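Q: I'd like a close look at a single part of this protein, and then a sense of how the rest is put together. Could you walk me through it?

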Amino acid sequence: MMKKFVTSLALLAVFCCSFAQVPVLRSLEGEDITGQWLVRRAENDDEAYYMQYSFNVWNESGSDIVFDFVKVTVREVEGTINVFCFNGNCFTSDHVDDVSIASGEYLSFVADYMGQGPEESDGVTTLLYEFHNGDEVSWVGLSFIIGDHDGIDAPESNVTAKVYPNPVSEVSTFECSLPKAGSLQIYTCTGQKVAEYQLEAGDNRLSLNAADFRCGLYLCSVVVNGKIVTTTKMVVR
């Protein structure tokens, strides 16, 4: 009886883990880039007209999954164009519904960025690529930079931060560890700063009340000496 009970629990655990899974995002070299902020900087005039980043969207769960894809424009240089492609099918819209991947399979994903040249497109365009399945989300952020720029979307160090629970409907906890004092700056998707908190050197733990924010996606940037050292996101419901 006990053996059957344990077996049933194991099967239930596998079922629960497989249900509502989201894809794992991997670089072409196989590195897990899920939840990372990546930067593509134009190194010559040709790349100021066209840049590209490719990765694979893997279903590493034990069952087929269906997800909705959403592209969030955090910041965009006027006049530039960005396109995304799944397995060679390209889109200019902000979302694609009901994308399916069989267990153990993957889809190729390509982010295309088209500028108007080194002077006309000087600036930073940042996009969030999100893969939704129910309440679960996997994502990667990508900045295309032309010229000498940093910003809320180009983290510069290995400092990490986390917000949990996320999404948040009541109170969420923000945690990070810093080598020196800094600040937490919270931005909307359009780049508007809506809150700022002081951070001390060492371990930091803050409570963020969802009632202080409207529903939506926020970028939580840690700033030290005037530079962004890491950025994570928070979803308020």
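Here is the part I have in mind: is Asn204 buried or exposed, and why does it get that label?

A: Happy to take a look, keeping in mind that this is a predicted model. Asn204 is buried, because its relative accessible area is 9% and the cut-off for buried is under 20%. The residue belongs to strand 15, which covers residues 202-209. A polar atom of the Asn204 side chain lies 3.1 Å from the backbone oxygen of Gly202. Setting aside residues up to four places away in sequence, Asn204 touches Phe174, Glu175, Cys176, Leu178 and Leu199.

Leu199 is included in a core of 22 residues, along with Ala161, Tyr218 and Val236.

The largest nonpolar core has 28 residues, and Val57, Phe109, Tyr129 and Phe131 have the most contacts inside it. Several strands each supply at least two of its residues: strand 3 (50-58), strand 4 (65-75), strand 5 (81-86), strand 7 (95-101), strand 8 (106-114), strand 9 (123-133) and strand 10 (136-146).

Five strands form an open sheet in the order 1-3-8-5-6, with antiparallel pairing. At its edges are strand 1 (24-27) and strand 6 (89-91), each of which pairs on one side only. From one strand to the next, the twist averages 30°. Within this sheet, strand 5 and strand 8 run antiparallel and are joined by six bridges. Ile81 stands opposite Met114 of strand 8.

Finally, a stop at a loop. Ala42 sits between strand 2 (37-41) and helix 2 (45-49). Its C-alpha atom is 5.3 Å from that of Ile146, although the two residues are 104 residues apart along the chain. Ile146 is also one of the contacts of Ala42, together with Ile145, Glu47, Ala48 and Met51, leaving aside neighbours within four places in sequence.

Conventions
Residues are numbered from 1 along each chain as its sequence is written. This is a predicted model: local features need pLDDT of at least 70, side-chain atom pairs count only at pLDDT 80 or more; totals for chains, interfaces and linings use all residues. Side-chain values use heavy atoms; hydrogens and water are left out. Helices (H or I, at least four residues) and strands (E, at least two) are DSSP runs, numbered from the N terminus. Buried means under 20% relative accessible area, exposed over 50%, partly exposed in between (1.4 Å probe, protein chains only). A polar contact is a pair of N or O atoms within 3.5 Å; within protein, one must be able to donate a hydrogen and the other to accept it, and residues adjacent in sequence count only if both atoms are side-chain atoms. Contact means heavy atoms within 4.5 Å. A nonpolar core is a set of buried Ala, Val, Leu, Ile, Met, Phe, Trp, Tyr and Cys residues joined through side-chain atoms within 4.5 Å. Two strands pair if DSSP finds at least two bridges between them. Axes are lines fitted to C-alpha atoms, for helices over the stretch in contact, and angles run from 0 to 180 degrees between N-to-C directions.
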